[in-house]
Amino acid sequence: MTRVAARPRSAAVGVWAVFVAATAVVAALPGDPGTVPGGWLVVLAVIGLLAFRGSDAAYAVLAVLNVALLATVLLLATPVAPSIWAYYALVAAALAALVGIPLLARSAALASSAP
């Protein structure tokens, strides 16, 4: 069994962290929402570390925070600049990794254990 298969949530949090870093960089570009406050990045890092180490509650908080941030796209007035769509695409990718990697690992484990 590979390490990813053994700890799919940890792998998901690792990929999520890469997307969060990319989102912070894109947010600071001209025409985007603005820089992500340093305090938020510290909070996300602490929650991410707890989730990486196996905390179910921290993992759930990360998922809920990503859903809430993604839902703010509904508050935007149209037309929306492509750079802002890039920001929300990264948030969606982070959420997809957070939820999708464990689901794929579970599906693969079930497929490999089938007779």
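Helices (H or I, at least four residues) and strands (E, at least two) are runs assigned by DSSP and numbered from the N terminus, and the expected span of a helix is 1.5 Å times one less than its number of residues. The model shown is predicted, so that local features need pLDDT of at least 70 and side-chain atom pairs count only at pLDDT 80 or more, while totals for chains, interfaces and linings use all residues. Residues are numbered from 1 along each chain as its sequence is written, and side-chain values use heavy atoms, with hydrogens and water left out.

View 1. Read along the sequence, the pattern is α-α-α-α-α, and the C-alpha trace spans about 55 × 30 × 20 Å along its principal axes. Of the 115 residues, 28% are buried, where buried means under 20% relative accessible area and exposed over 50%, with partly exposed in between (1.4 Å probe, protein chains only). Among contacts (heavy atoms within 4.5 Å) with a separation of 6 or more, those between residues 24 or more positions apart account for 66%.

**View 2. Helix α2 and its buried residues.** Helix α2 has 20 residues and reaches 28 Å from its first C-alpha to its last, close to the 28 Å expected at 1.5 Å a residue. Its buried residues include Pro8, Ser10, Val13, Trp16, Val20 and Val26.

**View 3. Helix α4, residues 56-71, with its buried and exposed sides.** This helix has 16 residues and reaches 23 Å from its first C-alpha to its last, close to the 22 Å expected at 1.5 Å a residue. Ala58, Tyr59, Leu62, Ala63 and Asn66 are the buried residues of α4. Seen down the axis of α4, these buried residues fall within an arc of 140 degrees, so they line one face of the helix; the arc is that of the directions from the helix axis to the C-beta atoms. The face turned away from the buried side of α4 carries the exposed residues Asp56, Ala57 and Val64, whereas the buried residues pack against α2 (8-27), α3 (38-52) and α5 (82-113). At the start of α4, a side-chain oxygen of Ser55 reaches to within 3.1 Å of the backbone nitrogen of Ala58.

**View 4. The largest nonpolar core, with 13 residues.** A nonpolar core is a set of buried Ala, Val, Leu, Ile, Met, Phe, Trp, Tyr and Cys residues joined through side-chain atoms within 4.5 Å. The residues with the most contacts inside this one are Val13, Trp16, Leu44, Ala51, Tyr59, Leu62 and Leu98, and α2, α3, α4 and α5 each supply at least two residues of the core. Apart from it lies another core, of eight residues, among them Val26, Tyr87, Leu90 and Val91.

View 5. Tyr59 counts as buried because its relative accessibility is 9%, and, leaving aside its neighbours within four places in sequence, Tyr59 is in contact with Arg9, Ala12, Val13, Ala51, Leu98, Val99 and Pro102. With residues up to four places away in sequence not counted, Leu62 touches Val13, Trp16, Leu44, Ile47, Gly48, Ala51 and Leu98. Asn66 is buried, with a relative accessible area of 8%, and touches Trp16, Val91, Ala94, Leu95 and Leu98, again not counting residues up to four places away in sequence.

Key: A polar contact is a pair of N or O atoms within 3.5 Å; within protein, one must be able to donate a hydrogen and the other to accept it, and residues adjacent in sequence count only if both atoms are side-chain atoms.
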